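Thanks for taking a look at this one with me.

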Amino acid sequence: MNTERTGLYPGTFDPITLGHYDIIKRAAKLVDTLVIGVAMNPGKNPLFNVDERCAMVEKMIEEFPDTNFVVKPFNNLLMHFAEECNASVIIRGLRAVSDFEYEFQMVGMNRRLNSEIETVFLMASDQHQFIASSLVKEIAFLDGDISKFVSKSTAEAIVERVALLNAEKNS
């Protein structure tokens with residue numbers, strides 16, 4: 001019997017924030033292998049393509065040399081992806097009551113699809129509760145300082161992408 005515990009932390013990560021990073025660090029303590037599933041989700045109109053987002057996630061987690069991380073893109077039903085990864089647990093971060101309402105509904109549906117895979121919620125740390133990728137992008141587009149919300153390399157990528165999109169819009 002395999003006693004290795006694989007966890008899956010799924011998200012769009014457009015961009016990955018320090019809040020995501022906090023959940024990743026804490027989730028890594030709960031499982032032997034943590035799969036970070038980067039959802040393609042074109043319906044969210046991402047700023048970065050899935051390969052760019054995967055690279056950002058990989059760069060951010062490089063400082064965990066003794067931890068078993070796998071970064072994988074996915075474009076299918078979360079429970080199907082969890083099964084493909086042999087995950088026994090899905091990790092979800094919660095920032096506020098509004099997150100809980102949505103996640104509560106998703107857990108119910110996911111349990112109907114596969115009752116063998118548990119969902120574990122990690123509350124966002126108090127210094128990260130307000131961080132949302134959509135807000136980070138909005139601040140960047142309005143020329144605000146995003147350095148308190150994302151890693152240095154992610155901030156540089158966002159500023160570069162926003163400048164490119166603004167230049168295209170103004171030409």
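1. Let's begin with Val150, which touches Pro15, Ile16, Thr17, Leu18, Val136, Ala155 and Ile158, leaving aside residues up to four places away in sequence. Please keep in mind that this is a predicted model. Val150 sits in the loop between helix H5 (133–141) and helix H6 (152–170). Is Val150 buried or exposed? With a relative accessible area of 3%, it falls under the 20% cut-off, so Val150 counts as buried. For a sense of distance, take Ala27: Val150 and Ala27 are 123 residues apart in sequence, and their C-alpha atoms are 19 Å apart in space.

2. Two of the residues on that list, Thr17 and Leu18, bring us to helix H1, which covers residues 18–28. At the start of H1, a side-chain oxygen of Thr17 comes to within 3.2 Å of the backbone nitrogen of Gly19. Why can H1 be called largely enclosed by the rest of the structure? Because eight of its eleven residues are buried. These buried residues are Gly19, His20, Tyr21, Asp22, Ile23, Ile24, Ala27 and Ala28.

3. Asp14 is in the loop between strand S1 (6–11) and H1. At 5% relative accessibility, Asp14 counts as buried. A polar atom of the Asp14 side chain lies 3.0 Å from the backbone nitrogen of Phe48. Which residues does Asp14 touch, not counting those up to four places away in sequence? They are Pro46, Leu47, Phe48, Arg53, Ser133 and Lys137.

4. Now for the aromatic rings. How many aromatic pairs does a search of the whole structure find? It finds three. In one of them, the ring centres of Tyr9 and Phe13 are 5.4 Å apart and the planes meet at 65°, so this pair is edge-to-face. Both partners are buried: Tyr9 has a relative accessible area of 5%, and Phe13 has one of 2%. Phe130 and Phe149 also form an edge-to-face pair, at 5.9 Å centre to centre and 85° between the planes. That pair links distant parts of the chain, 19 residues apart: Phe130 is in the loop between strand S5 (118–123) and H5, while Phe149 is in the loop between H5 and H6. Phe149 is buried, with a relative accessible area of 15%.

5. Next, the largest pocket, which holds about 1100 Å³ of space. Of the 43 residues lining it, Gly11, Thr12, Lys44, Arg92 and Glu103 are the closest to its centre. Elements giving two or more residues to the lining are S1, H1, helix H3 (78–84), strand S4 (89–94), H4, S5 and H5. Which element gives the largest share of the lining? It is H4, with eight residues. Sorted by class, the lining has 22 nonpolar, 14 polar and seven charged residues.

6. Two of the residues closest to the pocket centre, Arg92 and Glu103, are also partners: their side chains are joined by a polar contact of 2.6 Å. Glu103 is part of helix H4 (residues 97–113). At 6% relative accessibility, Glu103 counts as buried. Besides Arg92, Glu103 touches Leu94 and Phe121, again leaving out residues up to four places away in sequence.

7. Finally, two backbone details to check by eye. Asn86 has a positive phi of about 60° although it is not a glycine. You will find Asn86 in the loop between H3 and S4, and at 61% relative accessibility it counts as exposed. Asp143 is another non-glycine residue with a positive phi, near 65°. Asp143 lies in the loop between H5 and H6, and with a relative accessible area of 74% it is exposed. Val150, where these notes began, is in the loop between H5 and H6 as well, but it is buried.

Key:
Residues numbered from 1 in each chain as written. Predicted model: local features only at pLDDT ≥ 70, side-chain atom pairs only at ≥ 80, totals over all residues. Heavy atoms only, no water. Helix = DSSP H or I, 4+ residues; strand = E, 2+ residues; numbered from the N terminus. Buried < 20%, exposed > 50% of the residue type's maximum accessible area, 1.4 Å probe, protein only. Polar contact = N/O pair within 3.5 Å; in protein donor to acceptor, adjacent residues only side chain to side chain. Contact = heavy atoms within 4.5 Å. Phe/Tyr/Trp six-rings, centres within 6.5 Å; stacked < 30°, edge-to-face > 60°. 1 Å grid on protein atoms, 1.4 Å probe; cavity = no way out; pocket = protein on both sides within 12 Å on 5 of 7 lines; lining within 4 Å. Points joined across faces, edges and corners; volume = space filled by probe spheres on them. Nonpolar A, V, L, I, M, F, W, Y, C, P; charged D, E, K, R; others polar.
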